[in-house]
Structure formats: structure tokens, C-alpha cells
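Hello,

Below is the structure I am handing over to you.

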Amino acid sequence: DNSRLQQDTSRLQQDNSRLQQELDELKRQTNQRDGAESTELNKLKSELEDTTARLEQCTSKRKEQESEIADLKKQMQDMQRLLEEAQTQNRDLREQLEKQKSAAAAPPPPQPAPPPAAPPPSLPQAPSLRPASGTFEKTFAVTMTAESSDHMIYYTTDNTPPSQSNFEGQGSSPLIIQVSKSMKLNAVAVANGEQSSVSSGAYELNVPPVLAGVGLLLEKSEQTGVVVVKKILPGGAAERDGRIELKDRLISVDDKLVEPLDLEHILDFVRGFEGSQVVLLLERDTGGTVSKFPISLVRSQVQKRPPGAASKAAAQPAPAPAVAAPSPRRDI
């Protein structure tokens with residue numbers, strides 16, 4: 001029994017030693033697994049923190065973009081309001097112009113010339129003026145007729161009395177002059193060294209305002225909204241100025257951006273009363289360098305050139321054909 005008990009005790013000790021080894025191995029494996037899980041957990045925590053930071057950045061950027069979009073919408077609304085106001089003002093101006101044209105369509109008939117005062121027997125009669133006076137809407141001719149074709153006529157248009165020593169023009173009777181501005185015409189007839197009394201006529205030239213442009217043919221891209229100079233019309237204000245070139249890009253007209261506008265509205269802004277001033281902001285690409293420059297032009301009608309006359313626009317190269325479908329063009 002004692003021997004068997006010793007054997008059992010020895011076996012139990014061996015089993016206990018083996019179990020202890022297994023327990024130590026299990027603890028070692030558990031520690032390794034816990035370390036790996038801890039490392040993985042820390043890695044996941046770091047990735048979560050990075051993801052959270054990126055999410056916060058995206059959220060911040062989205063808020064900034066939403067704010068910028070709101071500002072752009074407000075600017076577009078303001079530009080639309082200004083555009084509507086400009087269109088309303090343009091319509092009002094056109095209505096006023098039509099009313100002025102209607103009111104001036106029927107000018108009062110010229111008043112008959114008062115009979116010249118009876119001159120002394122030795123003095124020639126004062127020349128007659130036809131028309132004697134009046135208001136006119138375009139350039140007209142005044143005929144000064146003396147008593148005889150041998151008489152000389154002297155006249156002034158600065159409201160000073162004419163004489164053989166003070167005159168703006170002179171000629172034999174009948175003498176015809178063209179009136180292109182409002183003036184006071186005074187005329188006398190001279191014969192044998194004797195001077196007649198003064199004939200006077202007051203002439204008002206009331207020419208209605210005329211709309212004019214600057215002599216450019218513009219084209220707007222339907223894809224990009226860019227407005228470019230397609231042609232410079234000979235005899236126009238742009239050609240006479242000489243600084244605008246083909247393919248220059250139009251940015252604004254009198255500080256009004258043209259990109260959001262169609263060509264009809266751009267035309268309304270560029271055109272105006274003849275003789276008024278307009279400022280164009282243009283952009284030019286020269287060898288990769290982009291420059292912006294303002295040009296001030298005076299609106300005027302395109303002046304027709306005589307056959308064979310040279311022009312700056314004719315010397316410029318013709319524009320290359322477009323690859324895409326042609327965009328609408330407008331002559332201003």
C-alpha cells in the first residue's frame with residue numbers, strides 16, 4: 001500500500017508539474033494574445049481619431065462651402081436686381097427718346113422774314129434770308145439774296161454786326177451756306193462801297209439724340225460664357241483708337257461684368273447716346289501672360305470709308321475658324 005501510495009503520489013506530482021507547465025504556457029499565450037489585441041485596439045483607436053479629425057475637417061469645409069454658396073446666391077440676386085433696374089432705365093430712356101422724336105416731328109413753320117427797313121436812296125437794300133429763322137432737326141441751307149447779283153454779301157454767325165472788315169464769309173448774291181449748328185446769322189449787302197442795313201435770322205438746330213456703339217463685333221461662347229472681340233469694324237471708335245485687338249476678351253462695361261449677361265444685354269450696355277463715353281475692361285493673353293486693361297471710348301457712328309481707303313481693322317489677321325458650333329455674334 002505504501003509503495004502504491006508513493007507511486008500515486010509520484011504520478012500526481014508529474015501530473016501537477018505537467019498541468020503547471022500547461023498553465024504557464026496558457027498564461028504566456030494569453031499574455032501574447034492580450035498584447036496583440038491591445039496593439040490592435042490602439043491602432044483602431046488611432047484610426048478612429050484620424051477619421052474623426054477628417055470628418056470634422058470635412059464638416060468645417062462643407063459649412064464654409066455652404067456659406068460661400070449663400071454669398072454667391074446673394075450676389076447673383078443683387079446682380080439680377082441691378083440688371084432689371086438697368087433694363088427698366090433703358091426702357092424709360094427709349095420711351096423718352098420716342099416721345100422727344102414725336103414731339104419734334106412737326107417743327108413750327110419758319111416765320112416770314114420781316115420786311116427790311118427802307119434804306120436811304122444811296123444805300124443797297126438789306127439781303128433777304130430764306131428761311132428767315134426757325135427750329136430744325138437736321139442740317140439745312142440758308143440762301144441770302146441781295147437786290148442785284150452784282151452786290152456782295154458779307155455775313156457773321158457770332159452775333160456781331162458784319163462789315164467789309166468784319167465778316168466770317170462773303171460772296172456774290174445769291175449766297176448759300178449750310179447750317180449745322182444753332183446760330184444767329186447777320187448779313188449785309190455791299191455795292192459801290194456802300195453797305196446796307198443788317199438782316200438777321202435766328203436758327204435752332206435741335207437734332208434728336210442718336211444711339212451709337214464703338215464699332216466692335218463680339219462673340220460669346222455658350223460653353224464658357226467668355227466674350228471675345230471677333231471683328232473691329234472699319235471707321236468705328238475702336239478702330240480709330242487702335243488699342244483693341246482681335247481675340248481680346250471683354251470683362252466688363254462701365255464696371256458691369258458681362259459674363260452672366262447675354263449678348264443683347266451686353267449690347268444695351270455698350271450702346272448709348274452718340275458722343276457719350278463708355279469704359280471697356282479687356283483681357284489679353286500674350287505668350288502665356290494674361291493682362292487686363294481698361295479702354296475709354298466715345299460712342300459714335302461707324303464712318304464709311306471711300307473705296308480703296310486703308311484701315312487698321314483691314315490690316316489685322318482674320319480670326320481662325322472655331323472648332324465648336326458658332327456662337328451668337330453681335331455688332332456694337
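Which element gives the most to the lining of the largest pocket? The answer is α1, with 13 residues. This is a predicted model, in which local features need pLDDT of at least 70 and side-chain atom pairs count only at pLDDT 80 or more, while totals for chains, interfaces and linings use all residues. Residues are numbered from 1 along each chain as its sequence is written, and side-chain values use heavy atoms, with hydrogens and water left out.

The pocket

The largest pocket holds about 710 Å³ of space. A pocket here is an open set of points, on a 1 Å grid over the protein atoms alone, where a 1.4 Å probe fits, with protein on both sides within 12 Å along at least five of seven lines; lining residues have an atom within 4 Å of a point. Its volume is the space filled by probe spheres set on the points, which are joined across faces, edges and corners.

There are 27 lining residues, and Ala86, Gln87, Lys256, Asp268 and Phe269 lie nearest the centre of the pocket. At least two lining residues come from each of α1 (2-104), β14 (256-257), α3 and β15 (272-273). Helices (H or I, at least four residues) and strands (E, at least two) are DSSP runs, numbered from the N terminus. By class, the lining has 14 nonpolar, seven polar and six charged residues. Asp, Glu, Lys and Arg count as charged, Ala, Val, Leu, Ile, Met, Phe, Trp, Tyr, Cys and Pro as nonpolar, and the others, Gly among them, as polar.

Helix α3 and the cores

Helix α3 covers residues 263-270, and six of its eight residues are buried (under 20% relative accessible area with a 1.4 Å probe, protein chains only; exposed is over 50%, and partly exposed is in between). The buried ones are Leu263, His265, Ile266, Leu267, Phe269 and Val270.

Ile266 also belongs to the largest nonpolar core, which has 26 residues; Ile266, Leu216, Ile244, Leu250 and Leu280 touch the most other members. A nonpolar core is a set of buried Ala, Val, Leu, Ile, Met, Phe, Trp, Tyr and Cys residues joined through side-chain atoms within 4.5 Å. Elements that give two or more residues to this core include α1, α2 (237-241), β13 (249-253) and α3. The most come from α3, with four residues. Another core lies apart from this one and has 17 residues, among them Val142, Val179, Ala187 and Leu205.

The sheet

Three strands form an open sheet in the order β1-β3-β6, with antiparallel pairing. Because β1 (128-130) and β6 (175-179) stand at the edges with a single partner strand each, one side of each has no neighbour in the sheet. Strands count as paired if DSSP finds at least two bridges between them. Three bridges join β1 to β3 (residues 140-145), and leucine 129 has methionine 144 in β3 as its bridge partner.

Backbone details

The bond from arginine 130 to proline 131 is cis, with omega near -5°, and proline 131 sits in the loop between β1 and β2 (134-136). The bond from serine 173 to proline 174 is cis, with omega near -5°; proline 174 is in the loop between β5 (169-172) and β6.

Aspartate 254 is in the loop between β13 and β14, with a positive phi near 55°. Aspartate 254 counts as partly exposed, at 29% relative accessibility. Aspartate 255, in the loop between β13 and β14, has a positive phi of about 70° and is exposed at 77%.

Regards
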